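Dear colleague,

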Amino acid sequence: MRLTTRHILLLAFLVMIHHFAYSSELVPVRLQLKWKHQFQFAGYYAAIERGYYRDVGLDVSILEAQPQKTPFDAVFRGEAEFGVCTTDILSSKNKGETPVVLANIFQHSPHIIIAMQESGIRHIHDLAGKKIAAEPGAADLYAILLSEGVSLDKFSVEELDFSIDKFIAGEVDAITAYSTDQIFPLQEAGYELNLIYPTNSGVDFYGDLLFTSQALILSNPALVKKFVAASLKGWSYALSNREELVNLIYNKYSKRHSLNHLRFEAEQTWKLILPEVVEIGYTNPGRWETILEMYKRLGRVDESVTLEGMLYADYQKQPFRIPWRLIIILCSALIIAIAFLSFFYRYNKKLKQEIHKRELIQQQLSETNEVLFRTNKEKDKFFSIIAHDLRSPFTAFLGITQVLLEQIDAMELKEIKYYAENLNKSAKNLYRLLENLLQWSCIKQGLSTPQFTTFSINKTVEDILKMFRIS
C-alpha cells in the first residue's frame with residue numbers, strides 16, 4: 001500500500017514538473033477588447049478554454065476596455081499585441097499609425113439607431129430637429145446621414161456615455177446602440193422600439209475587427225499567423241456551441257449580463273458573423289475601398305489615405321494552389337459546351353440530310369410532273385388518233401349496214417354477199433386497228449417490247465386504199 005502511494009506522489013510530481021516546464025515555453029500574448037466581457041468576444045474565450053492558443057504555443061490574456069483608452073492606444077503603446085476595433089481603424093491609419101486588419105469577425109456592423117416607438121421616429125429623416133446621443137467614432141451614423149442627403153446641422157448630437165438612462169428618461173430622442181446588446185434590456189423592460197439599420201440606407205460597414213501592428217507582423221509573422229488561426233478556430237467553436245459559451249462567460253468572465261441577455265447576444269452575433277454564408281474573418285478589399293471612400297466623404301480621413309499595408313493579405317505569401325473548384329467548373333462548362341455542340345452538329349447534319357432528301361423528293365416530283373404532263377399530252381394525242389383512226393372504218397361499216405337495212409329485201413343474193421364481204425373487211429380492219437392500239441398501249445406501259453419485222457409497204461398502202469374505197 002505504501003509503494004502505491006509513492007508511485008502516485010511521484011506521478012503527481014512529474015505532472016507538475018511537466019506542466020511548469022510546458023507553461024514556461026508558452027509565449028505571452030495580450031488581446032485588448034473594445035468593451036467589457038460579453039458574448040461579443042466569445043471566440044477568444046473559446047480559443048483559451050479549448051486550448052487552441054496553447055496548442056500553438058501561446059499564453060493569451062484578454063484585457064477589458066479601460067475608460068478613455070482605445071484598443072489602438074493599447075497596441076501602439078506596447079500594452080497589447082492584438083486588439084478588437086471597428087472600421088475606425090481607418091482613423092488610426094490617418095493619424096500615422098500602422099494598424100493591420102487580420103480578420104473581419106462581424107461581416108456587418110452591429111451599430112444601429114434606436115428610438116421609442118411612441119416618438120414616431122422610423123426613418124433617419126424623422127431625426128431632424130431631435131436630440132441624438134452617439135458613441136465616439138460612430139461613423140455608421142454619419143454615413144447614414146450622408147447617404148440620405150441629410151445635413152448634420154439639422155441634428156443635435158451629444159456623446160453617448162454608454163448608458164441608456166438618458167434615453168429611458170427622455171433626455172435624448174434616439175441613441176446609437178449595438179443590435180447585439182442594448183436592445184435586450186429595453187425590450188425586457190417592456191419598451192417598444194423603432195430600429196434604424198444602416199443597411200436600410202445602403203451603408204454596410206464591417207463590425208468587430210481583429211487587428212495588430214505592422215511592426216509585429218514584420219518582426220514575428222509566425223506568431224501573428226498562429227494567433228489568427230487559433231482565434232478563428234475559437235470563433236468557429238463558439239458559434240457552434242453558443243449555450244456552452246454563454247455559461248462559460250457568465251460563470252468565469254462576467255455576470256454583468258444575465259444568462260438570457262447573453263443568449264440574446266449570442267443569437268444576434270450569429271446573424272452578424274454569418275458563418276453559414278461566408279468564411280469566418282473573411283475580408284473583401286473592394287468593400288474596404290467603399291468604406292474608405294465613405295470616410296473620406298465624411299472628412300474623417302485625408303484624401304491621401306489608402307489601404308496599402310492595412311490588410312493582412314498584403315503580408316501573406318500566397319502559396320500556389322491548384323484551383324480545383326475553378327477547374328471543375330471550367331471542365332463542366334466545357335463538357336456542357338461540347339455536348340451542346342455535338343448535339344447541334346448531329347442535329348444540323350441530320351437536318352441537312354433531311355433537306356437533301358426533301359430536295360431529291362422535290363426533284364423527283366418535278367420530274368414526275370413533267371412525265372405526267374407529257375403523258376397527258378400523249379394521251380390527248382392518242383385519243384385524237386384513236387378517234388380519227390376509228391372514224392373512217394366505222395363510217396364505212398355504218399354505211400354498209402345502212403344500205404343493207406334499207407335495201408336487203410330488194411337485193412339479190414349476189415349483192416348481199418358483196419356487202420357482207422365488205423362488212424367482213426371493215427370488221428377485220430377495225431379489229432386490226434384495235435389490236436395495233438392495244439400493242440401500242442402495252443409498249444407505252446412497258447408491258448411489252450416492240451418486235452422489229454419486215455413488211456411490204458406496197459401491200460400496206462394497198463390495204464389502206466382498199467379500206468378508204470370501201471368507205
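Cavities

The largest cavity has a volume of about 60 Å³, where a cavity is a set of points, on a 1 Å grid over the protein atoms alone, at which a 1.4 Å probe fits but cannot get out, and a volume is the space filled by probe spheres set on the points, which are joined across faces, edges and corners. Please bear in mind that this is a predicted model, in which local features need pLDDT of at least 70 and side-chain atom pairs count only at pLDDT 80 or more, while totals for chains, interfaces and linings use all residues. Residues are numbered from 1 along each chain as its sequence is written, and side-chain values use heavy atoms, with hydrogens and water left out.

The lining of this largest cavity is made of 14 residues, and Thr86, Ser109, His111, Asp140 and Tyr206 are the ones nearest its centre; lining residues are those with an atom within 4 Å of a point. Six of the lining residues are nonpolar, six polar and two charged, where Ala, Val, Leu, Ile, Met, Phe, Trp, Tyr, Cys and Pro count as nonpolar, Asp, Glu, Lys and Arg as charged, and the others, Gly among them, as polar.

Among the residues that line the second largest cavity are His111, Ile113, Asp140, Ile144 and Pro198. Strand S5 (111–116) and helix H6 (139–147) each give at least two residues to that lining; helices (H or I, at least four residues) and strands (E, at least two) are DSSP runs, numbered from the N terminus.

How many of the nine residues of H6 are buried? Seven of them are, buried meaning under 20% relative accessible area, exposed over 50%, and partly exposed in between (1.4 Å probe, protein chains only). The buried residues of H6 include Asp140 and Ile144, both of which also line the second largest cavity. The cover over the buried residues of H6 includes S5, strand S6 (131–134), strand S7 (156–159), strand S8 (174–178) and helix H13 (285–297). Just after H6, glycine 149 has a positive phi of about 70°.

Nonpolar cores

The largest nonpolar core has 45 residues, and those touching the most other members are Leu31, Tyr44, Tyr45, Phe82, Leu102, Phe227 and Leu245; such a core is a set of buried Ala, Val, Leu, Ile, Met, Phe, Trp, Tyr and Cys residues joined through side-chain atoms within 4.5 Å. Helix H10 (residues 221–240) contributes the most to this core, with nine residues. Another core, of 39 residues, lies apart from it and has Val101, Ala115, Ile124 and Ala174 among its members. In soluble globular proteins, nonpolar side chains tend to be buried together.

The protein as a whole

The secondary structure comes to 16 helices and ten strands, and 36% of the 471 residues count as buried. A search of the whole structure finds zero disulfides, a disulfide being a pair of cysteine sulfur atoms within 2.5 Å. Cysteine 85 is buried, with a relative accessible area of 3%, whereas cysteine 331 is partly exposed, at 39%.

With best wishes

How values were computed:
1 Å grid on protein atoms, 1.4 Å probe; cavity = no way out; pocket = protein on both sides within 12 Å on 5 of 7 lines; lining within 4 Å. Contact = heavy atoms within 4.5 Å.
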